[in-house]
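I opened a new page for this chain. My plan is to go from the overall fold to a few single spots.

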Amino acid sequence: MTKSETERLVRKAEKLCQKRGARMTPTRKEVFTILAMQSGSIGAYDLLEQLKAAVPNAKPPTIYRALDFLQEQGFVHKITSSNSFVLCSHFDHHHPVQMLICESCGNVQEIQSEGVYEELQHQAEDQGFLVQEQTIEAHGLCANCH
């Protein structure tokens, strides 16, 4: 992602925070920026190492608090299988999450397939289950790696 694209996303996130009454602190903004520059997912400790360039006294709780905030705002998704994080490609609205994760290069692509979500919802309802959040991870090889 180019610097101008990253700056545009940061401004968009800041505007959403203002609208929601949430506070985008300098540390949260820096973590958001680092995530925006990643082509794949990144673990919390790797994020922490990059964050230390801008916030030298950053510690693990610093990064986890920032990630919690960014997740609450819908700006990032957690990749559970690798315990890593990726910037949401369309964070301006709540949506079901489907991730295509390349096992070779680590690239993560977020897709939206309403049909998948609808079918999951339907089957869950048939079981009397209330889905509160849905994330599907598909692991394989991206177009560049296969």
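My entries follow, from the whole chain down to single residues.

Ground rules. I am working with a predicted model, where local features need pLDDT of at least 70, side-chain atom pairs count only at pLDDT 80 or more, and totals for chains, interfaces and linings use all residues. Residues are numbered from 1 along each chain as its sequence is written, and side-chain values use heavy atoms, with hydrogens and water left out.

Fold. I counted five helices and six strands in the protein chain. These are DSSP runs, numbered from the N terminus: helices are H or I with at least four residues, strands are E with at least two. From the N terminus I read the order α-α-β-α-α-β-β-β-β-α-β. The radius of gyration is 16 Å, close to the 15 Å from the globule rule for 146 residues, so the chain is as compact as a globular protein of that length. That radius is taken over C-alpha atoms, and the rule is 2.2 Å times the number of residues to the power 0.38.

Extent. I noted a C-alpha trace spanning about 50 × 40 × 30 Å along its principal axes.

A22. I found A22 in the loop between helix 1 (3-20) and helix 2 (26-36). A22 touches C17, F69 and Q73, not counting residues up to four places away in sequence; contact means heavy atoms within 4.5 Å. The C-alpha atoms of A22 and L35 are separated by 19 Å, and the two residues are 13 residues apart along the chain.

After helix 5. Last, I looked just past helix 5, where G128 takes a positive phi of about 75 degrees.
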